[in-house]
Amino acid sequence: MLLEVKELRYSYGDRLAVAGASFELERGEIFGLLGPNGAGKTTTLSCVAGGLADWQGEMRFDGRPFAPARMPEDRARLGVVPQELALYPELTARENLQFFGRLSGLEAAELAAACDRGLALAGLDDRADDRVSRYSGGMKRRLNLVLGDLHAPELLLLDEPTVGVDPQSRNHIFEALEALRESGRTLLYTTHYMEEAQRLCDRVAIIHEGRVVGAGTPKELAAQAGVPDANLEEVFLRITGHQLRDGA
Amino acid sequence: MKRKAILPAAWTMARKDLRLYFRDRSAALLGFALPIALVTVFGFVMKIAFGGQDAMGRVELWMVDADGSARSAAFVGALRDSATIRLRPRLDEDAVDEAEARALIADGEAHHAMILDPGFGATVEAGELPAIRMLRDPGRALEDRIIGYGLLPAFLEASEGKLWPAQIERGMLEAGMDAQAADGVRAAAESMRGIIASFAAPGPGGGEGDAASAADPTGSAAALGGLFDQMVPVEAEDLAPPERPKMLTWQLAQTISGMMVMMLMFGLVAAGSSLIVERETGSLARLLVAPVARDAILLGKFLFVGIVGLLQIGVLLVYGEAVFRVGMFRDPATLAVLVFTLTLAVTSFGILVAAWAGTTKQAEGLSTLVILVMSALGGAWFPIQLFELPLAAQIATRCTLTHWAMSGFQQMLWNQKNWMDPDVLGAVGVQLGFALVAIGLAQRLFRRRYVGG
């Protein structure tokens with residue numbers, strides 16, 4: 001087991017965003033964290049990534065206590081692909097990669113190789129020296145993805161990495177993620193898109209009102225929900241309900 | 001994965017920010033052009049406004065009454081009532097002797113000191129012109145003219161017109177009249193002594209008229225002062241530091257120091273707001289989860305802002321020296337200490353604003369307010385220290401970064417002091433203290449706002 005999260009709780013002031021979420025990630029799998037808006041997916045991911053510090057509960061990485069908010073060494077084992085496009089638009093793709101690569105501790109030789117690998121993975125080899133401000137939304141998304149994986153982390157955290165991209169870019173991202181899995185990387189993935197989770201994820205957890213209310217392979221979840229022949233979207237709606245969720 | 005050390009990580013941050021800063025060429029160019037434009041405009045305006053012959057103000061004159069007679073006391077009293085002169089020491093201050101007056105001017109604490117030697121009163125009583133010595137800083141031409149306006153009415157009042165004929169004779173001789181003709185003019189003036197004495201005497205139509213019109217450079221007594229200012233027998237002795245450039249005026253030194261400090265503050269607050277931009281665009285989220293100490297982010301911003309500040313101030317100094325020839329590079333070590341200290345303090349202020357503000361607009365609002373208030377109070381816009389400020393205003397002035405930053409540059413430029421002088425070290429020390437407090441606060445705010453627990 002690579003990551004174990006037990007009874008994770010996090011509050012924004014008086015509002016409890018994550019209310020005791022527990023899940024486990026096996027090494028080499030793509031694990032989907034699904035949930036409606038405001039369910040606590042991004043907050044959970046931020047706690048694991050080290051972006052939020054004052055959480056309660058327990059996290060273990062490779063069997064050892066894990067405190068990424070306070071320990072840079074723990075953060076070095078992670079790669080993060082935030083939901084927002086965390087790029088510098090006035091730098092080129094290569095300059096963005098070099099900057100974040102250096103910040104991740106890559107030395108010159110491995111940095112050059114990592115940048116080339118990232119550009120190839122993003123399909124941006126021929127636009128590597130263009131400023132990011134001139135990229136399409138899909139190109140920015142692909143670059144955003146590979147920036148998180150630049151230093152070949154053991155666990156890559158992705159927060160809705162395909163938001164707002166065209167089918168071609170989305171397909172490219174899927175292929176990139178599958179390639180990462182084949183290379184042995186472990187991925188924790190949040191999304192709204194059930195067909196994405198159906199296609200990519202080995203296992204999923206459905207998070208609802210800050211708690212994990214179901215976990216397993218898509219087939220196991222369907223069986224748990226009492227609709228063994230249903231697809232993941234039908235299972236999701238059955239578990240979380242049909243009412244709108246407009247929470248933060 | 002190897003963890004990157006804090007300094008290389010901070011340098012990586014700073015290099016990236018420098019690249020971003022210069023990539024927006026218009027903004028970068030504005031950052032350099034704006035202070036240059038303002039220094040040019042303000043420099044010339046101040047030169048014209050305070051360098052003209054008709055400019056007036058109430059200026060400080062130190063007095064050494066070594067005579068101690070009733071006549072010298074009357075003269076000192078008349079000067080104390082002058083509308084153009086602020087006499088020191090005040091009545092509640094201890095008297096100074098000539099050596100102390102010389103030291104005050106040499107230190108730049110005073111610019112004019114008048115010495116009334118023993119025998120002043122007896123000479124006046126004898127109807128002869130006494131010797132009045134004036135120690136002065138030759139770079140304070142404006143103050144010299146204003147003091148000149150104030151002297152004649154006070155001198156007339158103190159002598160009760162007794163010396164009018166001798167003054168007329170002196171004035172004529174100074175103007176090139178031969179001795180015999182001048183003696184004739186003196187004789188004519190003797191017959192008018194009563195009228196002049198009445199004019200010089202205090203009261204309606206007398207001394208009050210002098211004071212009132214002396215405050216107005218276009219008035220009759222001012223015209224009289226302008227016409228007859230050679231009649232007061234003042235022998236001036238210049239005490240300027242030997243290396244001060246002749247082109248430098250006190251007002252120009254003040255303007256250059258003030259504009260440099262103010263514009264550097266504006267420039268560096270703008271640069272510091274890149275931290276807020278990182279937050280608003282989402283890139284800070286990725287930086288915060290990078291495997292480096294979070295303080296490296298703040299330190300990287302500090303380095304970036306500091307380097308931009310050094311570049312801006314460097315360009316400004318070279319430009320100012322090329323245009324105004326104020327001797328900015330006369331003492332490179334002192335200049336380096338002052339520039340480094342100022343950049344450190346202003347950078348800390350910029351980072352503090354960035355750490356406090358939640359949005360770019362907040363940073364802009366706060367910084368504009370604080371900078372303009374500090375600039376006005378600290379004397380960056382006009383020489384506020386020329387005026388008699390109430391105690392609270394004096395304290396407020398000394399609480400501003402601009403006051404101490406300008407004080408350091410004025411000590412170097414005007415008083416020709418080096419960085420080891422206590423006055424310069426004092427200004428440097430206060431700025432360093434300001435920098436330490438500001439960066440400490442910035443770190444606390446940054447950790448609370450961006451890092452959490």
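Let's start inside a sheet of chain B. B:Met114 has a bridge partner in strand 4 of chain B, and that partner is B:Met134. One thing to keep in mind throughout: this is a predicted model.

So what surrounds that methionine? Strand 3 of chain B, residues 112–116, pairs with strand 4, residues 132–136. The sense is antiparallel, and there are five bridges. Strand 3 of chain B also pairs with strand 1, residues 59–65. That pairing is parallel, over four bridges. Here B:Asp65 has B:Leu116 of strand 3 as its bridge partner.

How many of the five residues of strand 3 of chain B are buried? Five of five. Look at the two faces. One side carries B:His112, B:Met114 and B:Leu116. The other carries B:Ala113 and B:Ile115. Both faces are covered.

Now step back to the whole of chain B. The secondary structure comes to 20 helices and five strands. The chain has 453 residues, and 45% of them are buried. Take the contacts in chain B between residues at least 6 apart in sequence. Of those, 81% join residues at least 24 apart.

Domain 1 of chain B is 6–48 plus 245–451, and domain 2 is 55–238. Where they touch, domain 1 of chain B supplies eight residues and domain 2 of chain B supplies seven. On the domain 1 side, that is four nonpolar, three polar and one charged.

Next, a helix. Helix 17 of chain B covers residues 360–378.

Which residues of helix 17 of chain B are buried? B:Ala363, B:Ser367, B:Ile371, B:Met374, B:Ser375 and B:Gly378. These residues cover an arc of only 100° around the axis, so they sit on the same side of helix 17 of chain B. Turn to the face away from that buried side. There you find B:Lys361, B:Thr368 and B:Leu369, which are exposed.

What covers the buried residues of helix 17 of chain B? Several helices of chain B, including helix 12 (250–272), helix 13 (274–281) and helix 16 (332–356). Helix 18 (391–398) and helix 19 (401–413) of chain B are also among them. Then, just after helix 17 of chain B, B:Gly379 takes a positive phi of about 95°.

Stay with helix 19 of chain B for a moment. B:Ala405 has its place there. Is B:Ala405 buried or exposed? A residue counts as buried at 20 or more other C-beta atoms within 10 Å. B:Ala405 has 30, so it is buried. Leave aside neighbours within four places in sequence, and B:Ala405 is in contact with B:Val261, B:Leu342, B:Ala345 and B:Gln431. B:Glu278 is another matter. B:Ala405 and B:Glu278 are 127 residues apart in sequence and 30 Å apart in space, C-alpha to C-alpha.

On to chain A. The domain assignment gives domain 1 as 1–77 plus 155–248, and domain 2 as 85–152. The C-alpha centres of these two domains of chain A lie 25 Å apart. In the contact between them, 13 residues of domain 1 of chain A meet ten residues of domain 2 of chain A. Helix 6 of chain A, residues 167–182, gives the largest share of the domain 1 side, six residues. By class, that side has seven nonpolar, five polar and one charged.

Four strands form an open, antiparallel sheet in the order 2-1-4-5. Strand 2 (15–25) and strand 5 (64–65) of chain A are at the edges. Each has a single partner strand, so one side of each has no neighbour in the sheet. Strand 1 of chain A, residues 3–12, pairs with strand 2 of chain A over eight bridges. Within that pairing, A:Glu4 stands opposite A:Glu24.

Last stop, the two chains together. In that contact, 29 residues of chain A meet 24 residues of chain B. On the chain A side, helix 2 (72–75), strand 6 (78–81) and helix 3 (93–103) each supply at least two residues. Which element gives the most? Helix 3 of chain A, with five residues. By class, the chain A side has 16 nonpolar, five polar and eight charged residues.

Definitions and conventions: Residues are numbered from 1 along each chain as its sequence is written. Chains are lettered from A and ligands numbered from 1 in the order in which they are written. This is a predicted model: local features need pLDDT of at least 70, side-chain atom pairs count only at pLDDT 80 or more; totals for chains, interfaces and linings use all residues. Two residues are in contact if their C-beta atoms, placed from the backbone, lie within 7 Å. Ala, Val, Leu, Ile, Met, Phe, Trp, Tyr, Cys and Pro count as nonpolar, Asp, Glu, Lys and Arg as charged, and the others, Gly among them, as polar. A residue is buried if 20 or more other C-beta atoms lie within 10 Å of its own, exposed if 12 or fewer, and partly exposed in between; C-beta atoms are placed from the backbone. Domain bounds come from an automatic or database domain assignment. Two strands pair if DSSP finds at least two bridges between them. The expected span of a helix is 1.5 Å times one less than its number of residues. The arc is that of the directions from the helix axis to the C-beta atoms.
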